[in-house]
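Let's take a walk through this one, starting with charges and moving on to rings and the surface. Keep the viewer open as you read.

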Amino acid sequence: MTTVVGPRVAAPAKRSTGARIKDVLAVGRPAFWVVSVVPYYVGILLATHRLVPPVEDWPRLLIGAVVMGPLLWLAVLAINDAYDLPGDLLNPRKSKSPLLDGRVTLTGAKQVAIAAGIASIAVGLLVGVVFTLGVVLALVLGWAYSVPPVRLKTRAGFDVAVNSLALGTFGPLAGWAAVNPDLSDFPWLMALQGTLAAIGLYLPTTLADLEADRAAGYRTIAVRLGASTTYRLGFAFWIAAAGLSVVLAALDAVIPRSMLALEIVMVPVLVAAYRRLIGPGMTFKGVVVLASLFLFPCGTFALTYTGVL
């Protein structure tokens, strides 16, 4: 396995407090926060049947969004960057990582991860006990994904499961729990549909780091299966997610039957878009565009589910 070569990681320079805060936030990838906040909002919508939850719930739900956004991402990404440094040194896509030029040290990244994890739990208690238990589970999985000897990132299949369940299932569950700690009525079929879509979107992202992961000795699912098989597997899960939405609408199960016509139209559009935007040589831009297109039927579902349409 490739080891960290000292000269390639610049020595940390003295920086202002504001610059250091900016560097720490960069480790948390602010652009990713919406990736978990959107499923969190979906859970709120499912629990309340309202586009805008009751005003009296806003403080608690906003606190939950802070946990689901910056705090959890900082906790899991900081520890991930610390243990992924050997591979990141070989990955041009990670060239602007604060750890590569010494703006954040390895020790600093681990300290940030611990502090953000503790803050996630402490702040989560303001939302509720069930919500906080979910936060603890997310932290455990996030650390298991990155930290040896478990290091699920390098165990093909587990890398996909951790990321897809976190977004497709745990995100909506967190939103539901922030409103209603009783999970007995949670619509698990929607969690299944969301997880299938998350797998379809996540698998192509492993292709972007394929060569760097292979060079670093990381046996991700893309390294294990190869680019073509990984792409086809992602495509199959994407088709399954799109097809399940049609089935749910036809059965009037969570997705209202009034959306059936739209779902029938959107399935071939989403399938064609996947083939057009995603491929072995893809960039993250394709995934972002595809995910944005997926928001259209999701938005229509929100309007229909809440009785606006």
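Start with Asp84 and Lys153, whose side chains meet in a salt bridge at 2.5 Å, N to O. The term here means a side-chain nitrogen of Lys or Arg within 4 Å of a carboxyl oxygen of Asp or Glu. This pair links distant parts of the chain: Asp84 sits in helix 3, Lys153 in the loop between helix 5 and helix 6 (158-179), and 69 residues separate them. Helices are DSSP runs (H or I, at least four residues), numbered from the N terminus. Asp84 is buried, with a relative accessible area of 0%, and Lys153 is buried too, at 10%. On this scale, buried means under 20% relative accessible area, exposed over 50%, and partly exposed in between, using a 1.4 Å probe and protein chains only.

A word on the ground rules: this is a predicted model, so local features need pLDDT of at least 70 and side-chain atom pairs count only at pLDDT 80 or more, while totals for chains, interfaces and linings use all residues. Residues are numbered from 1 along each chain as its sequence is written, and side-chain values use heavy atoms, with hydrogens and water left out.

Back to the charges: the structure holds nine salt bridges. Another one joins Asp209 and Arg93 at 2.6 Å, N to O. Asp209 lies in the loop between helix 7 (188-208) and helix 8 (210-216), and Arg93 in the loop between helix 3 and helix 4 (106-124), so this bridge ties together parts that are 116 residues apart in sequence. Asp209 counts as buried at 11% relative accessibility, whereas Arg93 is partly exposed at 40%. Salt bridges with shared partners also join Asp23, Asp101 and Arg103 into one network. Then there is Asp57 with Arg60, at 3.4 Å, N to O; Asp57 is buried at 15%, and Arg60 is partly exposed at 22%.

Now for the rings. How many aromatic pairs are there? The count comes to 10, where rings of Phe, Tyr and Trp (its six-membered ring) pair if their centres lie within 6.5 Å, and planes under 30 degrees apart count as stacked, over 60 as edge-to-face and the rest as tilted. Take Phe32 and Trp73: the ring centres are 5.4 Å apart and the planes are at 65°, so the pair is edge-to-face. Phe32 belongs to helix 2 (residues 30-48) and Trp73 to helix 3 (residues 58-88), 41 residues apart. Phe32 is partly exposed at 35%, but Trp73 is buried at 16%.

Trp238 and Phe294 also have ring centres 5.4 Å apart, but with planes at 55°, so this pair is tilted. Trp238 is in helix 10 (residues 227-251) and Phe294 in helix 12 (residues 284-305), 56 residues apart. Both Trp238 and Phe294 are buried. They are part of one aromatic cluster with Tyr231, Phe235 and Tyr274.

Helix 12 also holds Gly286, which is buried at 9% relative accessibility. Leaving out residues up to four places away in sequence, Gly286 touches Leu277 and Ile278, where contact means heavy atoms within 4.5 Å.

Finally, look at the surface. Ile121, Leu125, Val129, Leu133, Val136 and Val140 form a nonpolar patch there, with about 530 Å² of accessible area together. Patch members have over 30% relative accessible area and no salt bridge; like charges are joined within 9 Å, and nonpolar side chains (Val, Leu, Ile, Met, Phe, Trp, Tyr) within 5 Å. Areas come from the Shrake-Rupley method with a 1.4 Å probe, and for residues only the protein chains shown count as cover. Helix 5 (residues 129-146) gives the most to the patch, with four residues. Leu133 is in helix 5 and is exposed, at 57%.

How values were computed:
Helices (H or I, at least four residues) and strands (E, at least two) are DSSP runs, numbered from the N terminus.
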